[in-house]
Amino acid sequence: MQTDSATDVFQEHRPVLLGVAYRMLGRVADAEDVVQEAWLRWSAADRGQVREPRAYLVRVTTRLAIDRLRQVQTRRESYVGPWLPEPLATDLGATVADTAEHAVLTESVTLAVLVVMESLSPLERAVFVLREAFGYPYAEIAAVLDRGEAAVRQLAGRARRHVEERRPRFEVDPVRQRDLTERFLAAAAGGDLDGLLNLLADDARLVGDSGGKAKAPLRVIESADKVSRFVLGVIKGGIPDAGWEFLQLNGGIALLVRSGGKPDSLVQLDVADGRIQTVYIIRNPDKLASLGKN
């Protein structure tokens with residue numbers, strides 16, 4: 001601590017702090033607010049008494065995220081239509097060399113897992129994130145949350161069972177996901193109903209998030225036939241001056257549709273057994289705003 005400035009130390013650990021906060025909150029702006037508050041706490045702290053800066057910063061960030069989550073959960077109760085996390089760029093590149101670690105971090109940030117985690121309590125979610133995504137020992141999590149280790153183990157077990165029971169089947173395979181996304185786009189753009197039906201699992205679902213600020217289904221659409229017909233109806237309606245590009249978001253390939261150069265919709269597919277299981281469509285302009293900067 002004598003040779004590193006407070007800023008240097010904080011910046012070194014900032015990616016982990018942002019990763020914890022985003023997995024807790026599912027919204028980039030909220031996560032960044034939490035990390036900024038953690039910086040203020042860190043800059044005002046007596047750092048000479050801090051033996052392990054990373055542990056200190058993770059503890060502060062997690063507790064702030066729990067407080068923020070309790071606040072935003074009230075807002076989400078009145079959210080119009082299904083809620084999906086705000087898209088997050090996840091091209092980890094060379095920052096995570098270990099393949100196993102990369103896989104764990106990727107899976108813990110997918111839309112499917114984040115949506116399931118919404119039904120966890122704030123404490124359960126914190127334990128799940130620290131344990132399952134970042135591999136923290138139970139003793140360290142107990143210190144972060146100021147809880148007994150036995151209680152933390154119970155929270156972890158309950159959260160893990162909850163997620164496993166409700167998590168949809170999917171494969172984190174960028175090549176297959178990209179291929180099916182391209183074929184999905186081609187079939188939709190070509191008005192090919194049979195083509196879409198061949199790509200979708202029989203019990204496929206479509207989840208749309210507009211927050212009441214754009215057109216999107218207010219309920220989850222279920223079955224390959226209904227999903228296909230909805231998608232073709234949207235395409236038939238037309239998107240003015242449409243364009244699209246592929247992005248690496250939330251651990252997988254996503255299709256960003258632009259209208260007049262501005263983000264209009266984000267489409268991401270969950271894939272398993274070579275078929276599309278879930279179609280996620282985000283149209284809430286607040287959640288697409290950061291993508292307009294790319």
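Which residues does methionine 24 touch, not counting residues up to four places away in sequence? In this predicted model, methionine 24 touches Ala65, Ile66, Leu69, Pro122, Arg125, Ala126 and Val129. Contact here means heavy atoms within 4.5 Å. Residues are numbered from 1 along each chain as its sequence is written, and side-chain values use heavy atoms, with hydrogens and water left out. Local features need pLDDT of at least 70 and side-chain atom pairs count only at pLDDT 80 or more, while totals for chains, interfaces and linings use all residues.

Met24 is also among the residues with the most contacts inside the largest nonpolar core. A second, separate core has 23 residues, including Ala204, Val227, Leu269 and Val271. A nonpolar core is a set of buried Ala, Val, Leu, Ile, Met, Phe, Trp, Tyr and Cys residues joined through side-chain atoms within 4.5 Å. Buried means under 20% relative accessible area, exposed over 50%, and partly exposed in between (1.4 Å probe, protein chains only). Helices (H or I, at least four residues) and strands (E, at least two) are DSSP runs, numbered from the N terminus.

Glutamate 86 sits in the loop between helix 3 (53–76) and helix 4 (99–107). Glutamate 86 is buried yet has no salt bridge. A salt bridge requires a side-chain nitrogen of Lys or Arg within 4 Å of a carboxyl oxygen of Asp or Glu. The nearest side chain of opposite charge, arginine 27, is 4.2 Å away. Lys and Arg count as positive and Asp and Glu as negative; His and the chain ends are not counted. Among the residues that glutamate 86 touches are Tyr22, Arg27, Asn250 and Lys287.

Asparagine 250 has a positive phi of about 50°, although it is not a glycine. Asparagine 250 lies in the loop between strand 3 (242–249) and strand 4 (252–259). Its relative accessible area is 3%, so asparagine 250 is buried. Serine 223 is not a glycine either, and has a positive phi of about 100°. Serine 223 is found in the loop between strand 2 (221–222) and helix 11 (224–237). Serine 223 is partly exposed, with a relative accessible area of 23%.
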